[in-house]
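Please read these comments with the coordinates open.

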Amino acid sequence: MKTNNPIFETLKRAGEIDKIVHEPARLMILSILFVIESADFVFLNRQTGLTRGNLSTHMKKLEDAGYVLVKKEFLEKKPVTLYSITNAGEEALQTYRDLMQSLLDELK
């Protein structure tokens, strides 16, 4: 079997995929935050359809990676948690998109 096909070199790049971004729920969250300035927990919960616990876990991983900024404040005496994508999160999402596009283009 011939393995010097250029597609194999391109497909090796699949190992470069950011696993934090690649997970479907986190990809969805980052994509939502990419197109809006910020969102509260309830909005993200409704948009993603994730359980509260699952959303919390994913948000923590995104925060730990530096991809999401978490801001806690009070609105009409009620605690509100706001999330926004960081510059690092935008860069990670763009890099992910570019890499995936490149890999998929090679399969044409």
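The numbered points below refer to a predicted model.

1. Helix α3 (residues 24-35) packs against helix α4 (residues 41-48) at an angle of about 120 degrees, and their axes are 11 Å apart. The two helices are therefore oblique to each other, since an angle of 65 to 115 degrees would be roughly perpendicular and one over 145 roughly antiparallel. The crossing of α3 past α4 is right-handed.

2. Which residues make the contact between these helices? From α3 come M28, I29, I32 and L33, and they meet F43, L44, Q47 and T48 of α4. By class, six of the residues in this contact are nonpolar and two are polar, with no charged residue.

3. The loop between β2 (68-75) and β3 holds E76, and K77 is found in that loop too. Most residues other than glycine have a negative phi. E76, although not a glycine, has a positive phi of about 55 degrees, and K77, also a residue other than glycine, has a positive phi near 65 degrees.

4. Strand β3 (residues 78-85) contains T81. With a relative accessible area of 17%, T81 is buried, because the limit for that class is under 20%. Leaving aside residues up to four places away in sequence, T81 touches A39, D40, F41, V70, K71 and K72.

Notes:
Residues are numbered from 1 along each chain as its sequence is written. This is a predicted model: local features need pLDDT of at least 70, side-chain atom pairs count only at pLDDT 80 or more; totals for chains, interfaces and linings use all residues. Side-chain values use heavy atoms; hydrogens and water are left out. Helices (H or I, at least four residues) and strands (E, at least two) are DSSP runs, numbered from the N terminus. Buried means under 20% relative accessible area, exposed over 50%, partly exposed in between (1.4 Å probe, protein chains only). Contact means heavy atoms within 4.5 Å. Axes are lines fitted to C-alpha atoms, for helices over the stretch in contact, and angles run from 0 to 180 degrees between N-to-C directions. Angles under 35 degrees count as roughly parallel, over 145 as roughly antiparallel, 65 to 115 as roughly perpendicular and the rest as oblique. A crossing is left-handed if the near helix is turned anticlockwise from the far one by less than a right angle, and right-handed if clockwise. Ala, Val, Leu, Ile, Met, Phe, Trp, Tyr, Cys and Pro count as nonpolar, Asp, Glu, Lys and Arg as charged, and the others, Gly among them, as polar.
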